[in-house]
Amino acid sequence: MERNIQVIKDADGNSIVMINDIKFKGKRAVNWDDVRAYLKNYVGEVYQVMDTNDRIYIGADLPNEYTGSNYTYSLKGTAAKAKANASQGIPEMIEIAVGRHFRENREEKHFRNAKYGWYRYDSRFALPVYNEGGEVERYNVFHASLIVRHDENGRLYLYDIIDIKKETSNPLGS
């Protein structure tokens with residue numbers, strides 16, 4: 001799986017995952033089946049959060065949850081394309097994640113797969129904006145929350161990426 005990704009620091013020293021290619025594009029809706037197929041390449045991998053040294057596993061449930069959650073269905077336009085393309089930077093988004101925050105499990109349907117609750121991490125990524133000539137004009141920066149479940153086997157698994165918001169600060173120049 002070829003990826004064109006790098007991690008940079010912004011003016012404040014915060015990390016941003018630069019996703020240099022738009023893999024999932026289209027004038028209308030995102031083809032979530034293509035995103036799901038792409039995410040299956042990560043299943044079985046494990047990545048470490050640099051800030052906390054937590055090891056985050058990618059389980060077989062990620063592709064379906066990432067592409068089929070209520071949050072994903074609610075996305076339109078730029079936010080939907082941002083989530084689809086963020087899938088390319090998942091390893092790096094996990095590695096630069098900060099702000100670990102614990103939440104108890106409150107839903108019966110998750111008593112088995114999130115027996116020990118949930119963690120939420122903050123991460124950031126940037127996507128290129130092209131001009132009419134096909135050249136990169138700038139990068140739009142997005143904030144995202146990584147939702148991680150604490151499984152009954154004691155491992156942490158990436159469950160979904162939600163709350164994707166375009167940052168209103170100045171976009172990054174090319």
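Author: Quick ground rules: the model is predicted, so local features need pLDDT of at least 70 and side-chain atom pairs count only at pLDDT 80 or more, while totals for chains, interfaces and linings use all residues. Residues are numbered from 1 along each chain as its sequence is written, and side-chain values use heavy atoms, with hydrogens and water left out.

Reader: Fine. What makes Phe24 and Tyr38 an aromatic pair, and why stacked or edge-to-face?

Author: Rings of Phe, Tyr and Trp (its six-membered ring) pair if their centres lie within 6.5 Å; planes under 30 degrees apart are stacked, over 60 edge-to-face, the rest tilted. Phe24 and Tyr38 sit 5.8 Å centre to centre with 85° between the planes, which makes the pair edge-to-face. Phe24 is in the loop between β2 (15–19) and α1 (32–39) and Tyr38 in helix α1, so the pair ties together parts 14 residues apart in sequence. Helices here are DSSP runs (H or I, at least four residues), as are strands (E, at least two), numbered from the N terminus.

Reader: How do you know whether Phe24 is buried or exposed?

Author: Buried means under 20% relative accessible area, exposed over 50%, partly exposed in between (1.4 Å probe, protein chains only). Phe24 has 11%, so Phe24 counts as buried. Tyr38 has 6%, so Tyr38 is buried too.

Reader: And why is the pair of Tyr57 and Tyr157 called what it is?

Author: Their ring centres are 5.8 Å apart and the planes stand at 45°, so this one is tilted. Tyr57 belongs to strand β4 (residues 55–57) and Tyr157 to strand β8 (residues 156–166), so the pair joins parts 100 residues apart in sequence. Tyr57 is buried at 17%, and Tyr157 is buried at 10%.

Reader: What makes Arg155 count as lying over the face of Tyr57?

Author: The rule wants NZ of Lys or CZ of Arg within 6 Å of the ring centre and within 35 degrees of the ring normal. Arg155 lies over the face of Tyr57, at 4.3 Å from the ring centre. Lys83 does likewise over Tyr66, at 4.6 Å.

Reader: What does Asn85 touch, beyond its sequence neighbours?

Author: Contact means heavy atoms within 4.5 Å. Leaving out residues up to four places away in sequence, Asn85 touches Ile19, Asp21, Ile22, Lys23, Phe24 and Leu127. Asn85 sits in helix α4 (residues 77–86) and has a relative accessible area of 1%, so Asn85 is buried.

Reader: Why is Val7 called partly exposed?

Author: Val7 has a relative accessible area of 40%, so Val7 falls in the in-between class.
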